[in-house]
Amino acid sequence: MNIKELEEKSKAYRKKILKYIYNAKAGHTGGSLSIIDILNVLYNKVLNVSPENFNSSEKDIYIQSKGHCVEALYVVLADKGFFPEDDLLTLCQYQSPYIGHPTKKIKGMEQNTGGLGHGLSICCGSALAAKKDQSDVKVYTVLGDGEMAEGSNWEAFMFAAHYKLDNLCAILDYNKLQITAPNADVMGLEPLDKKLEAFGWAVRHVDGNDVEALVNTFDALPFDAGKPSFIIAHTTKGKGVSYMENVLKWHHGVPTAEQYELALAEIDG
């Protein structure tokens, strides 16, 4: 898939995210729109994973630690053929397995996540196991920036560097807003790159809503042999919909009928 095709795919994914959140009258809209370009590039350019090889020990592993933005992951997995897309019309409905956080009941989901601070630790175990098996498996996770305040992440950062897990890549969805306020007001992260480098990680910054920049960054993995890689992906919460961008209430806002139509028109435009 070339860059133009990836850009068009991101537009299609954004419209689907809005469709299923609007239908469900529930969902984490802003964050799902901010991470979708990352998931697009991962699943369409980077990951060795498919419905056919999902149960193989030699496939790559993706765990979404930022579990509350599951709507973005759902639309990508449906597009890749893990389950029929029409299943998402049951999102957040009674007895539907398509709930508001990742669950292993859904094909394509590696782990139940949503309790923030857990995904990276699981990835460390998977990456270490692959090293011990002398396997080519690569392990990826997307973290939320609000999630970075969890102490379990910093234990995992130490672990990954100590065991030289250069088959592990963590990507931060750095949209700089969390549920209650900007990150800088709740728990400041900066200087994040220097902190991570001090913990033994190789770090790069990228525009996380630029698919070409993301492709080039993933192509450079691992950034430093013997070190885990960390991508600080600078994104915009609510990316692609002007009235949602950088607006706190869209952390889990649901558009009205008028807002929904306006959002689709903006994405197409």
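The following legends describe close-up views of a predicted model.

**View 1. An aromatic pair joins Tyr 74 and Tyr 98.** A search of the whole structure finds 13 aromatic pairs. Tyr 74 belongs to helix α3 (residues 70-79), while Tyr 98 lies in the loop between α3 and α4 (119-132), so the pair ties together parts that are 24 residues apart in sequence. Both Tyr 74 and Tyr 98 are buried.

**View 2. An aromatic pair joins Phe 157 and Phe 230.** This pair is edge-to-face, with its ring centres 5.9 Å apart and an angle of 75° between the planes. Phe 157 is part of helix α5 (residues 151-162) and Phe 230 is part of strand β5 (residues 229-234); the pair therefore ties together parts that are 73 residues apart in sequence. Phe 157 is buried, and Phe 230 is buried as well. Both residues also belong to a cluster linked by ring pairs, together with Trp 154, Phe 199 and Trp 201.

**View 3. The charged end of Lys 59 sits over the ring of Phe 54.** The distance from this charged end to the centre of the Phe 54 ring is 5.0 Å.

**View 4. The charged end of Lys 176 sits over the ring of Tyr 174.** Here the charged end of Lys 176 lies 4.2 Å from the centre of the Tyr 174 ring.

**View 5. Five strands form an open sheet with parallel pairing.** Across the sheet, the strands follow the order β1-β2-β3-β5-β4. At the edges are β1 (61-64) and β4 (202-207), each of which pairs on one side only. Neighbouring strands of this sheet are turned against each other by 20° on average, with direction ignored. Strand β5, to which Phe 230 of View 2 belongs, stands between β3 and β4 in the strand order.

**View 6. Strands β1 and β2 pair in the parallel sense.** The pairing between β1 and strand β2 (residues 139-144) extends over 4 bridges. Gln 64 has Val 142 in β2 as its bridge partner.

**View 7. Residues 14-256 carry a domain annotation in UniProt.** The record, an unreviewed entry, labels this span "domain: Transketolase N-terminal". In the model, the end C-alpha atoms of residues 14-256 lie 16 Å apart.

How values were computed: Residues numbered from 1 in each chain as written. Predicted model: local features only at pLDDT ≥ 70, side-chain atom pairs only at ≥ 80, totals over all residues. Heavy atoms only, no water. Phe/Tyr/Trp six-rings, centres within 6.5 Å; stacked < 30°, edge-to-face > 60°. Buried < 20%, exposed > 50% of the residue type's maximum accessible area, 1.4 Å probe, protein only. Lys NZ or Arg CZ within 6 Å of the ring centre and 35° of its normal. Pairing = 2+ DSSP bridges. Axes fitted to C-alpha atoms, helices over the stretch in contact; angles between N-to-C directions. UniProt positions renumbered as here; feature names shortened; annotations may be inferred.
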